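Biologist: Please show me the model, and let us go through the terms used for it one at a time.

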Amino acid sequence: MIFKGNVWVFGDNIDTDVIIPARYLNTTNPQELASHCMEDADPDFSAKVQEGDIIVAGSNFGCGSSREHAPIAIKSTGVSCVIASSFARIFYRNSINIGLSILECNDGIENISIGDELKIDTDKGTIRNVTTGKIFSARPFPDFIKGIINAGGLLNYGKGENVNV
Amino acid sequence: MRMTITQKILAKHSGKIFVEPGELIMAEVDLALANDITGPVAIEEFKKAGGRKVFDREKIALIPDHFAPNKDIKSAELCKALREFAKEQQIVHYYEVGRMGIEHALLPEQGIVLPGDLVIGADSHTCTYGALGAFSTGVGSTDLAFAMMTGKCWFKVPETIKFIYHGKPNPWVTGKDLILHTIGEIGVDGALYMSMEFTGEALSYLTVDERLTMANMAIEAGGKNGIMEPDEKTLEYIKNRAKRSYEIFVSDDNADYSQIIDYNVEDIQPKVALPHLPENVVNVEEAQNISIDQVVIGSCTNGRLEDMRVAAKVIKSHKVHPYVRLIVIPATQQVYQDMIKEGITEVFIQAGAVVSTPTCGPCLGGYMGILAKGERAIATTNRNFVGRMGHPESEVYLSSPAVAAASAIKGKITHPAEVTSNDI
């Protein structure tokens, strides 16, 4: 898949309480969750973010809770892709399972700035910073994960004969 | 062909003789667990995918504990969705308010999770059951929906870090202090994607409750699971609880570890994790004199009977500081009842504390003790992220029940030895 969008930058250890505070977990409505996304890090994030925008963050993005509400909230703001130097394990699984594109990239992404325009090719694992001209490479997904994504998520994947890996 | 305890459990549940780190497997689960926050999302996904009947109504646990007893109308709707699904599917391990407890305290206590099990839960602290020698790990709601349909879950076999705790713990040093020390040393992503295997002589001094606390916080170092080999104390704990057979697994000598880390626990003193990450760990002395507004003793980390006994021992014949709210939350109905029997509840109430019915409540900023702007709490919970217990400008300090109780008396972070000469 190819994504093009402007960047929002966050730091290391962005936890699931920052992505969607537990005080809003009394709903499962994606739009309602989106309206509080990243609120405790940037109270205006959900108002400012545009369809297709890209989040770039440091290490251990999505640490903490198993709440699937976190990737759902991000996806429902219109964010097309999250790039981080590493992801917390459960957030990583949940993003794949609900179809939020994520890329693990250690290739100097700290040099990407807020507002930069990126062009991402998830199949090739390339990230081009259109604003600065720099190109970064990300770790591509293992085939098994690609299979889940191509099936349109885990539950569709399970409907096939893929259950016996 | 040597394997760690984690590899052995994963191999057994995927029908293989050997699995190696990095290998992708599809494994059968012994139990799939969800709560009132993650369950409704899993149920929606289950239905959307055309699910009609769960794979095994005895191997699913649905526990309304986070915002229950219902904190508001929306939470009531979530609990209702969980209850209706449990009824419709005849789920055996559904626990209604009045019988429920915090999931990770309740399931071991009731003998629902046992050594050698493979357990997944749509809650990150599912890693708790590793203290009994089970492989257990947190997943999301979609994984849980998939497991409810198929009885299966996919895993990447993790590498293992072995932690060896040498020596005998110092006075007032508990399982909580050992795990806080560990997270402080390796960081909140120090065990990212990995299994954390806890071993060593020091563990033999810990109660099973303290061991559950240690495994519970493996996730705070990014770990996939935390696990310990069962010993005599484990078997004693299991003896009158298990209602089915189970299997004991132990790591092979010379199994492959990505890293082996040794700690001499005689060098470890009671700890506190400062805001806003569980890795910001210091000795209590370095945090003393930080004033606090609220103390929470409870949660899936430290809401068990042993935790309450220790806290009561510290608080006995003292009063809670005039400007401090001490909120005590037994993790299960059994703990609640045992506290009454042992006179612990009376100790807390006479000291000026509130004793609540079981709930996760304030730990994740749900209710029952939310912090205002600028307020500070010391809590026996597991996370101190920004806004975790309330206002984004409030602060949470993590500690053991003994340190939390001493702090409630003084109104500031306090070493328990300062308020009582009784050792634990």
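Modeller: Contact means heavy atoms within 4.5 Å. With that cut-off, among contacts in chain A between residues at least 6 apart in sequence, 65% join residues at least 24 apart. Bear in mind that this is a predicted model.

Biologist: What is the corresponding percentage for chain B?

Modeller: In chain B, 76% of the contacts with a separation of 6 or more are between residues 24 or more positions apart.

Biologist: How do you know what confidence the predictor has in chain B?

Modeller: The score is pLDDT, the predictor's confidence in each residue, from 0 to 100. Chain B has a mean pLDDT of 97, and 99% of its residues reach 70 or more. For the complex, the predictor gives an ipTM of 0.94 and a pTM of 0.96.

Biologist: Why does the radius of gyration of chain A agree with a compact globule?

Modeller: The globule rule is 2.2 Å times the number of residues to the power 0.38. For 165 residues a compact globule would have a radius near 15 Å, and chain A has 15 Å, so the two agree. The C-alpha atoms of chain A fill a box of roughly 45 × 40 × 25 Å along the principal axes.

Biologist: What makes up the secondary structure of chain A?

Modeller: Chain A has 7 helices and 7 strands. Along the sequence they follow the pattern β-α-α-α-β-α-β-α-β-β-β-β-α-α. Chain B, for its part, has 14 helices and 18 strands.

Biologist: Why is B:V19 called buried?

Modeller: Buried means under 20% relative accessible area. B:V19 has a relative accessible area of 0%, so B:V19 is buried. The residue lies in the loop between α1 (5-13) and β1 (24-28) of chain B.

Biologist: Which residues does B:V19 touch, not counting residues up to four places away in sequence?

Modeller: B:V19 touches B:M3, B:Q7, B:L10, B:A11, B:S14, B:I25 and B:V157, with that exclusion applied. As for B:K243, its C-alpha is 29 Å from that of B:V19, and the two residues are 224 apart in sequence.

Biologist: How many residues of each chain are buried, as a percentage?

Modeller: In chain A, 63% of the 165 residues count as buried. In chain B, buried residues make up 65% of the 424.

Biologist: Where do the centres of positive and negative charge lie in chain A?

Modeller: Lys and Arg count as positive, Asp and Glu as negative. Chain A has 14 positive and 20 negative side chains, and the centres of the two sets are 5 Å apart. In chain B there are 42 positive and 54 negative charges, with mean positions 6 Å apart.

Methods:
Residues are numbered from 1 along each chain as its sequence is written. Chains are lettered from A and ligands numbered from 1 in the order in which they are written. This is a predicted model: local features need pLDDT of at least 70, side-chain atom pairs count only at pLDDT 80 or more; totals for chains, interfaces and linings use all residues. Side-chain values use heavy atoms; hydrogens and water are left out. Helices (H or I, at least four residues) and strands (E, at least two) are DSSP runs, numbered from the N terminus. Buried means under 20% relative accessible area, exposed over 50%, partly exposed in between (1.4 Å probe, protein chains only). The place of a charge is taken as NZ of Lys, CZ of Arg, CG of Asp or CD of Glu.
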